[in-house]
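Below are my comments on the model, as numbered points.

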Amino acid sequence: MRKYEVMYIIRPDIEQEAVQAAVEKFQGIISNGGEITKHDVMGKRRLAYEIKKFRDGVYVLVNFTAEPAVVTELERIMKISDEVIRYLITNDVA
């Protein structure tokens with residue numbers, strides 16, 4: 001199992017319940033083959049530049065350990081998810 005870090009930005013125009021549902025959906029995917037070590041919903045923040053006509057977004061940072069297959073599935077789901085406007089998954093070296 002390897003250490004990973006994912007940061008994703010959720011659209012600002014959806015309700016808080018939908019944000020929580022999206023966060024729980026991604027936590028479930030990670031927990032299905034890995035273990036979450038740190039989870040932080042950073043809240044609504046201004047983006048550095050406009051992404052898909054949005055100036056704000058809800059930032060979420062997750063550190064986890066998992067097999068590469070879990071990361072592939074998480075990336076696939078984030079690509080097709082309407083709630084996520086941007087995401088980045090990296091290997092955590094620390």
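1. Contacts of Glu-83. Glu-83 touches Ile-9, Ile-10, Arg-11, Ile-14, Ala-22 and Lys-25, leaving aside residues up to four places away in sequence; contact means heavy atoms within 4.5 Å. The model is predicted, so local features need pLDDT of at least 70 and side-chain atom pairs count only at pLDDT 80 or more, while totals for chains, interfaces and linings use all residues. Residues are numbered from 1 along each chain as its sequence is written, and side-chain values use heavy atoms, with hydrogens and water left out.

2. Setting of Glu-83. This residue sits in the loop between α2 (68-80) and β4 (84-91). Helices (H or I, at least four residues) and strands (E, at least two) are DSSP runs, numbered from the N terminus. Glu-83 counts as partly exposed because its relative accessibility is 25%; buried is under 20% relative accessible area, exposed over 50%, and partly exposed in between (1.4 Å probe, protein chains only). The side chain of Glu-83 makes a polar contact of 2.5 Å with the side chain of Ser-81. Such a contact is a pair of N or O atoms within 3.5 Å; within protein, one must be able to donate a hydrogen and the other to accept it, and residues adjacent in sequence count only if both atoms are side-chain atoms.

3. Strand β3. How does β3 pair with β1 and β2? With β1 the pairing is antiparallel over nine bridges, and with β2 it is antiparallel over 12 bridges; two strands pair if DSSP finds at least two bridges between them. Ile-9 stands opposite Tyr-59 in β3, and Ile-51 stands opposite Phe-54 in β3. β2 and β3 form a hairpin with two residues between them, and Lys-52 in the turn has a positive phi of about 50°. Of the 13 residues of β3, 11 are buried, so this strand is largely enclosed by the rest of the structure.

4. Helix α1. The 16 residues of α1 (residues 16-31) should span 22 Å at 1.5 Å a residue, and the end C-alpha atoms are 22 Å apart, which agrees; the expected span is 1.5 Å times one less than the number of residues. Val-19, Ala-22, Val-23, Phe-26, Ile-29 and Ile-30 are buried in α1. Seen down the axis, the buried residues of α1 fall within an arc of 120°, so they line one face of the helix; the arc is that of the directions from the helix axis to the C-beta atoms. Their cover includes β1 (2-10), β2 (34-51), β3 (54-66), α2 and β4.

5. Helix α2. In α2 the buried residues are Val-70, Val-71, Leu-74, Ile-77 and Met-78. They cover an arc of only 130° around the axis, which puts them on the same side of α2. The buried residues of α2 pack against β1, α1, β3 and β4. The face turned away from the buried side carries the exposed residues Ala-69, Thr-72, Lys-79 and Ile-80.

6. Cores. Among the 23 residues of the largest nonpolar core, Val-6, Tyr-8, Ile-10, Phe-26, Val-62, Phe-64 and Leu-74 touch the most other members. A nonpolar core is a set of buried Ala, Val, Leu, Ile, Met, Phe, Trp, Tyr and Cys residues joined through side-chain atoms within 4.5 Å. The largest share of this core, six residues, comes from α1. Apart from it lies another core of six residues, including Ile-9, Leu-47, Ile-51 and Phe-54.
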